[in-house]
Amino acid sequence: MRVRTTDLYNIKTLSRPVPTAAGVVFNENWIDQEHNDYRSRLFFQNRATGERVSLGHDQQHDTAAALGPDGSTLAFLSHDQAGHQQVFTQAFTGGAATQRTWFADGVTGFHWQPDGEGWFVQVTVQHPQQPTDWLHATRVTRLHYQDNGPWLLDERRRFLLYKQGWAQANHELLYQDDTEYTVAAVSPQGQLAIDHNVATDAPQRPADVVSLLTPGESTPVRVETGMEYGSFGSVAFSHDGQKLLLAGNPNEDTGWLSNTLFVVDCRSGAVRRLFDDEDVEIGAALAADTQQNLSGRVAAWTGDDQISYVASRRGCVELHTTDLDGHSRVVVGGRQHVTDFAFTDDGQGVYYTQSTITTPSQLYFKEVESADSTLLYDPNTTWSQEHTTVAPDDFSFERNGRTLQGWYYRPVDVVKGTAHPAVLYIHGGPHAAYGETFYHELQVLANAGYGVITLNPRGGATYGNAFAHDVLADYGNNDYEDLMQAVDEAEHLDTDIDDTHVYATGGSYGGFMSNWIETHTARFRAVATCRSISNWVSMFGTSDIGWDFLPINLDDQWESGLENADRWWQFSPLKYVDQAQSPILILHGEEDRRCPIEQGEQFYNALKLKGVETEFVRFPKSNHELSRSGLPNLRIERMEAIMEWFQRHA
């Protein structure tokens, strides 16, 4: 059976493993077609017997489980009767769940108190709407006043931190602020690590900093890293509470684009970088459209002097361990994408979820010293047996001092010797990557009879900082030539590609590059550009990130402004619209603030006035994440609109 757009409703993913003495608690996630939304439920699986027990409050909105200090009680998030997120508890072996928080606005996150007597709970209080039909103005005072999601950030919101006991009435306000923060970690002594964004003396260089809130004190104290403009986030306290692990970037050089790890000595305040190799890329950088509800964990302590971390390397996401001197080894490697993980208390075993190019999601257990992993659960066994998934050919080539890596998905059920179309699919970022992970839309295209060409052009992730830096101040030059050669390489791999029927598509940076292709070559039969950029000058002032993204990416410097508008215009596809020839479909979310819809509107109007065959598809209630976490029916409409456009120009 072919993989189709509607298989989005049939594929399940796994995430957020939580080890227990007898096994593991984890999330199973899926898309509910009837309600057109995303759902999640909890399971406990006994590792010895393989028995699985369903957990949770409503088995629809249960997530973010955390095991309490007693080793038997889970706390997790679920919906109350009003649909607000609250903390619930339950024994990990089953039984009824009990609601523990009752905040009118719900909670945004929680951590167990070290003594097990309750939780540290975060609450966001929205500014109350007045019961009137009159509209009122919004007053903005901050540079960062919009976001890709809620759009305007209401400066009247309050962010509260409570200490909540087991009883409903037993809660105490510990801290509040009018700027957003996250309680990221709690030490065994009850010290809280709080992440927040602060202004600096350079408006275009805000800093993400970490502060420590000590029990009995009312004000957090900032961790002084000595890196004024650094971007840091707390990961976890060591088991003895004496060290705090951070992930981040010191932002001392525009060429250092990936995160790495730092260790804070909580007694002396000393901070040191764990790795000397700047090419160690912490975190998962792979582009994918199936994974949901991941924890976002990038590292963890597996002992007081031992750390595990997620590393992105050459299109793969692996799990490594290191000591405090930076001596690392691979725990889970190979051609896969480790999507989530958690180590056992003794650090000798790890539960992890993973994806491969042909497998959406599986749960494994591995002893750290063993060479083999044990598959515990695959929620898509029947789906995989019934559907044809394509394992692509990987290829590489040398161009202008770099080795470029790509993957070519051959079309399904095309007889050898029969000419067929192909699609160049360009990833976003640009500091992202294709690789060894399941990508539903690519499988759909291959199953629809297209050869699918993917490449990680210079500027992408998983190949080190110099490779990522190559795109800065060079958009549309070497990256464009990399992509054109990738099409040549695919046509050498598969001589049945009809070079008169090659198409191009991509989103975000991939949308920019689709627009650049539209205005710089007639090689492609048709183009579909998604959430794209056409005019960097207007994006500078309308995007939620334009004011700091453009200086780094187009000027390769920390701070710049409209004095460089002439330069930015040279990088803008709109400047070259007179050269456009290929029929082009423009797809954009109405609520996209990352690449605002005015980018698509400008390009559409200019192309129409030049007589280029152009259509515009606008998606309501959709932001920059439409193709990954947007309304499911609109995700399907988007894929089908792209394929219909290509078929129309067959």
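This is a predicted model: local features need pLDDT of at least 70, side-chain atom pairs count only at pLDDT 80 or more; totals for chains, interfaces and linings use all residues.
The cysteines come first. With a disulfide taken as a pair of cysteine sulfur atoms within 2.5 Å, the count for the model is zero. C266, in turn, is partly exposed, with a relative accessible area of 24%.

The backbone holds a few points worth a visit in the viewer. Most residues other than glycine have a negative phi, and most peptide bonds are trans. Against that background, the bond joining G429 to P430 stands out as a cis peptide, with omega near 5°. P430 itself sits in the loop that runs between strand β33 (420-426) and helix α2 (440-447).

Positive phi values turn up at two further loop positions. A473, although not a glycine, has a phi of about 60°. This alanine is found between helices α3 (465-469) and α4 (478-493), in the loop that links them. A473 counts as partly exposed, because its relative accessibility of 24% falls between the 20% and 50% cut-offs.

K621 is the other case, a residue other than glycine with a positive phi near 50°. Its loop lies between strand β38 (614-619) and helix α10 (626-629). With a relative accessible area of 67%, K621 is over the 50% cut-off and is therefore classed as exposed.

Terms used:
Residues are numbered from 1 along each chain as its sequence is written. Side-chain values use heavy atoms; hydrogens and water are left out. Buried means under 20% relative accessible area, exposed over 50%, partly exposed in between (1.4 Å probe, protein chains only). Helices (H or I, at least four residues) and strands (E, at least two) are DSSP runs, numbered from the N terminus.
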